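Subject: Structure for your review

Dear colleague,

Please find below the structure that I am handing over to you. My findings follow it.

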Amino acid sequence: MPLGLRPKGLVLLMNINDTAEQTRFREEVREWIGGRVPAAFKGLGQGIVQAPELTEEEKRPLIAALEEKGWLAPHWPKEHGGAGFDLAQAIIFHEECGKAGVPIHRNNGINMLGPILIRYGTQKQQAQFLGPIMRNEMVWAQGYSEPQAGSDLAGLQIRADVTEDGFVINGQKIWTSRAHIADWIFMLVRTDPSAQRKQEGISFLLADMKSPGIEARPIITMEGFHHFNEVFFENVKVPAENLVGELNQGWKVAKALLGHERFNYFSSDPLVLGKAIDNLKSTARQAPRGDGAMWDSISIRREVATMEMDVDCLRYTRYRALTKMQRGEAPGAETMLFKLFGSELNQRIVALQQDVEGPLGTVWDESYRGDGPGHVARHATNIRAATIRGGTSEVQRNIISKRVLHLPE
């Protein structure tokens with residue numbers, strides 16, 4: 001397994017082979033996928049293909065298979081109903097599901113909020129929310145970005161005035177994924193506008209989306225999907241028991257969640273990038289070029305090889321960070337590179353895909369390969385946002401220059 005770093009003198013060598021125990025677990029995951037996961041949930045596009053997410057109703061057979069195995073929340077501890085996977089098992093599970101095209105990785109409740117409640121939540125919050133989250137009975141939206149606070153999240157302005165029995169929220173969130181179908185939203189709000197530093201005076205709240213005064217308005221993206229929303233809050237009352245962590249200490253909670261989100265940023269996932277390159281190579285072997293195919297071009301093969309090496313570099317750098325985490329250490333400054341490098345690499349792959357397809361890569365209604373409406377063109381419009389959402393490339397470079405390279409302001 002790539003997580004085993006072994007010392008040899010003063011040099012740390014990375015062992016990329018599974019241990020015997022990890023090999024058995026990998027086989028167990030493969031057997032579960034092969035025997036228990038319904039066929040409809042295998043081979044789903046996770047690379048070049050960008051498609052609407054499955055509905056909660058459509059996911060039920062997959063959820064049932066996960067529940068039967070006890071793997072609904074792989075990385076949660078067993079005392080909270082999770083599978084209790086260690087770090088190596090969690091990575092193996094993710095890798096095998098990704099290879100098989102099993103879509104289990106997108107769930108704000110399980111992947112993001114659950115670990116936060118386990119770490120910072122009260123016993124009452126854990127009892128109320130963890131079970132429904134794990135069983136996928138409760139859809140959660142993330143309320144972070146605002147019109148004037150995206151990459152600079154600490155600049156958020158939404159107010160939550162403290163009252164005797166809780167909070168009253170006024171303001172707006174934007175780019176709120178799945179808010180139109182969410183049951184609840186976890187959000188950052190400003191509870192002390194007089195705080196000297198903008199990172200201070202922020203709190204982490206949970207709000208019922210059915211509360212009076214909440215309105216979600218759709219944002220339809222260029223490729224025609226309704227995933228994002230802008231959400232307005234007008235005198236929305238939230239009880240005091242829905243505060244996660246300490247009052248005015250929400251930035252600490254936010255950093256823990258953001259670290260997890262950016263480490264696992266979908267557009268920077270080596271598995272996703274690898275699948276995108278596989279699709280690109282398949283296209284290049286079919287797309288005509290003179291008497292042959294586009295794959296006959298030395299320059300295209302060279303560019304593909306370069307991108308494959310870049311994916312490998314990203315994969316093994318992530319393994320190094322994960323190895324540190326497995327040893328109980330901080331993952332290291334290199335994690336700040338993952339989102340930046342991966343999102344820009346994703347855009348390079350899609351751009352070459354369009355070049356290979358030529359004029360057909362701009363066709364909006366159908367793809368000549370028969371992969372559905374706007375297979376390449378629609379995805380190309382979506383992936384343009386990869387270097388903006390989750391922190392722009394410009395902001396990421398500024399962070400790296402300060403915190404990693406220690407360059408002057």
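This is a predicted model: local features need pLDDT of at least 70, side-chain atom pairs count only at pLDDT 80 or more; totals for chains, interfaces and linings use all residues.

Overall composition

The chain has 409 residues, of which 48% are buried. It contains eleven helices and twelve strands. Among the contacts between residues at least 6 apart in sequence, 70% join residues at least 24 apart.

Ile33 belongs to helix 1, which covers residues 20–35. With a relative accessible area of 7%, Ile33 is buried, because buried means under 20%. Beyond its neighbours within four places in sequence, Ile33 is in contact with Lys42, Glu96, Cys97, Ala100 and Val102.

A pair of strands

Strand 4 (residues 159–162) and strand 5 (residues 166–173) pair in the antiparallel sense over four bridges. A hairpin of three residues joins strand 4 to strand 5. Within this pairing, Asp161 stands opposite Val168 in strand 5. Asp161 also forms a salt bridge with Arg159, at 2.8 Å from N to O. Both of these residues are partly exposed: Asp161 has a relative accessible area of 34%, and Arg159 has one of 36%.

Salt bridges

Side chains of opposite charge can pair when their charged atoms come close. The structure holds 19 salt bridges. In one of them, Glu68 and Arg36 have their closest N and O atoms 3.1 Å apart. This pair links distant parts of the chain, since Glu68 is in helix 2 (residues 56–69) while Arg36 is in the loop between helix 1 and helix 2, 32 residues apart. Glu68 is exposed, with a relative accessible area of 52%, whereas Arg36 is partly exposed at 48%.

Asp310 forms a salt bridge with Arg348, and here the closest N and O atoms are 2.9 Å apart. This pair, too, links distant parts of the chain: Asp310 is in helix 8 (residues 298–326) and Arg348 is in helix 9 (residues 335–357), 38 residues apart. Asp310 counts as buried at 17% relative accessibility, while Arg348 counts as partly exposed at 34%.

A network of salt bridges links Asp18, Arg26, Glu27, Arg30, Glu95, Glu96 and Lys99. Glu96 is therefore a member of this network as well as a contact of Ile33, which is buried at 7% relative accessible area.

Helix 11 and the segment after it

Which residues of helix 11 are buried? They are Ser393, Gln396, Ile400 and Ser401. Seen down the helix axis, these buried residues fall within an arc of 135°, so they line one face of helix 11. Glu394 and Arg403, on the other side of the helix, are exposed.

Val404 is found in the segment after helix 11 (393–403) and is partly exposed, with a relative accessible area of 30%. Together with Leu405 and Leu407, Val404 forms a nonpolar patch on the surface, with about 250 Å² of accessible area in total.

Yours sincerely

Terms used. Residues are numbered from 1 along each chain as its sequence is written. Side-chain values use heavy atoms; hydrogens and water are left out. Patches are made of residues with over 30% relative accessible area and no salt bridge: like charges are joined within 9 Å, nonpolar side chains (Val, Leu, Ile, Met, Phe, Trp, Tyr) within 5 Å. Accessible areas come from the Shrake-Rupley method with a 1.4 Å probe; for residues, only the protein chains shown count as cover. A salt bridge is a side-chain nitrogen of Lys or Arg within 4 Å of a carboxyl oxygen of Asp or Glu. Helices (H or I, at least four residues) and strands (E, at least two) are DSSP runs, numbered from the N terminus. Buried means under 20% relative accessible area, exposed over 50%, partly exposed in between (1.4 Å probe, protein chains only). The arc is that of the directions from the helix axis to the C-beta atoms. Contact means heavy atoms within 4.5 Å. Two strands pair if DSSP finds at least two bridges between them.
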